[in-house]
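Please open the model in your viewer and keep the selection tool ready. The tour goes stop by stop.

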Amino acid sequence: MKVLSCHVYPLKSGKGRAVNSLSFGSRGPFGDRLWMLVHDQPGKHGRFITQRNLGWVRRALVEATVEQEGLIAFHAPGAEALHVRLADTTPYPFPVEIWGETCKAVDGGDAAATWCSAFLNYRCRLVRIAEDYVRPTEA
């Protein structure tokens with residue numbers, strides 16, 4: 001088998017970026033799918049949003065770059081960059097649902113929610129799976 005390229009997607013369903021190599025941790029490749037968008041609508045709070053949900057091509061234009069440990073930048077055409085510090089996140093008040101699995105998350109804050117909602121023209125929140133969340137698996 002020959003690997004032609006490796007990519008990570010720091011924002012789930014966002015724009016990927018090529019990397020020369022991958023390092024793996026307990027949650028998969030480092031820097032991959034660290035953040036995601038969830039609905040911020042009554043009755044839908046915490047359900048993650050993919051490009052498939054609403055056919056959001058614009059979502060694929062959002063590029064996330066880890067600038068340093070604990071700091072990530074989000075870039076999108078026509079928008080100022082958004083910087084989110086992991087240290088500034090707060091517990092997300094709703095359970096987050098990903099493909100039928102419920103987990104605990106932290107919220108990127110109101111500024112991040114405003115930025116993402118404005119770019120996508122849809123109310124959403126930027127969240128990250130909590131560091132202390134352990135995904136149950138079958139042995």
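Why does Cys 116 count as buried? This is a predicted model, and in it the relative accessibility of Cys 116 is 6%. The cut-off for buried is under 20%, so Cys 116 counts as buried.

The structure holds zero disulfides. Cys 116 is in no disulfide. Select Cys 124 too: its sulfur is the nearest cysteine sulfur, 5.3 Å away.

Next, select helix H2, residues 110-120. Colour its buried residues: Ala 112, Ala 113, Trp 115, Cys 116, Ser 117, Phe 119 and Leu 120. Show strand E5 (35-39) and strand E7 (71-75). Then show strand E8 (82-85) and strand E13 (124-129).

Step off the end of H2 to Asn 121, which follows the helix. Check its backbone: phi is positive, near 60 degrees.

Last stop: the largest pocket. Select Arg 27, Asp 32, Arg 33, Leu 34 and Ile 129, the lining residues nearest its centre. The space in this pocket is about 1000 Å³. Its lining has 33 residues: 16 nonpolar, seven polar and 10 charged.

Which strands each supply at least two residues of that lining? Select strand E4 (28-29), E5, strand E6 (63-68), E7, strand E11 (101-103) and E13.

Note on methods
Residues are numbered from 1 along each chain as its sequence is written. This is a predicted model: local features need pLDDT of at least 70, side-chain atom pairs count only at pLDDT 80 or more; totals for chains, interfaces and linings use all residues. Side-chain values use heavy atoms; hydrogens and water are left out. Buried means under 20% relative accessible area, exposed over 50%, partly exposed in between (1.4 Å probe, protein chains only). Helices (H or I, at least four residues) and strands (E, at least two) are DSSP runs, numbered from the N terminus. Contact means heavy atoms within 4.5 Å. On a 1 Å grid over the protein atoms alone, a cavity is a set of points where a 1.4 Å probe fits but cannot get out, and a pocket is an open set with protein on both sides within 12 Å along at least five of seven lines; lining residues have an atom within 4 Å of a point. Grid points are joined across faces, edges and corners, and a volume is the space filled by probe spheres set on the points. Ala, Val, Leu, Ile, Met, Phe, Trp, Tyr, Cys and Pro count as nonpolar, Asp, Glu, Lys and Arg as charged, and the others, Gly among them, as polar. A disulfide is a pair of cysteine sulfur atoms within 2.5 Å.
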